Amino acid sequence: MTYLKSWEEFERAAERLYLQDPMKSRFTMKYVHSKQIVCLKMTDDVVCLQFKTDLLQDIKKIEKFSSNLMRHMAS
């Protein structure tokens, strides 16, 4: 379980992972207050993708990604 370096890489890989098997995919988001970082994790129990950031601009991208993922789940 290694962390991906760039947001774009995580976003593409996570969406691809979700679209392969939506019923097995899980997405978690955790804020670590002591370190002031947001940790994201997308897994299907075989592949695990992780990303962490402390940048405000990435937080806005995460919000957009989450809403896009919810749109996929609802349709």
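Author: Lys52 sits in strand S3. Helices (H or I, at least four residues) and strands (E, at least two) are DSSP runs, numbered from the N terminus. The model is predicted, so local features need pLDDT of at least 70 and side-chain atom pairs count only at pLDDT 80 or more, while totals for chains, interfaces and linings use all residues. Residues are numbered from 1 along each chain as its sequence is written, and side-chain values use heavy atoms, with hydrogens and water left out.

Lys52 has a relative accessible area of 43%, which makes this residue partly exposed. The cut-offs are these: buried is under 20% relative accessible area, exposed is over 50%, and partly exposed lies in between (1.4 Å probe, protein chains only). Setting aside neighbours within four places in sequence, Lys52 is in contact with Tyr3, Ile37, Val38 and Cys39. Contact means heavy atoms within 4.5 Å. Trp7 is 45 residues from Lys52 along the chain, and their C-alpha atoms are separated by 8.9 Å.

Now the strand itself. S3 covers residues 48-53 and runs antiparallel to S2, residues 37-43, with six bridges joining them. Gln50 in S3 is the bridge partner of Lys41.

Two strands pair if DSSP finds at least two bridges between them. Axes here are lines fitted to C-alpha atoms, for helices over the stretch in contact, and angles run from 0 to 180 degrees between N-to-C directions.

Next, the helices. H2 spans residues 56-74, and its 19 residues reach 27 Å from first C-alpha to last, close to the 27 Å expected. The expected span is 1.5 Å times one less than the number of residues. Asp58, Ile62, Phe65, Ser66 and Leu69 are buried in H2. They cover an arc of only 105° around the axis, so they lie on the same side of H2. That arc is taken over the directions from the helix axis to the C-beta atoms. The face turned away carries exposed residues, including Leu56, Lys60, Glu63 and Arg71. The buried residues of H2 pack against H1 (7-20), S1 (26-32), S2 and S3.

H1 has 14 residues, and its end C-alpha atoms are 20 Å apart, in agreement with the 20 Å they should span. Trp7, Phe10, Ala13, Ala14, Leu17 and Tyr18 are buried in H1. Their arc is only 140° around the axis, which puts them on the same side of H1. Arg12 and Gln20 are exposed on the other side. The buried residues of H1 pack against S1, S2, S3 and H2.

Last, the helix pair. The axes of H1 and H2 come within 12 Å and cross at roughly 10°. H1 and H2 are therefore roughly parallel to each other; angles under 35 degrees count as roughly parallel, over 145 as roughly antiparallel, 65 to 115 as roughly perpendicular and the rest as oblique. Among the residues that meet are Trp7, Phe10 and Tyr18 in H1, and Ile62, Phe65 and Leu69 in H2.
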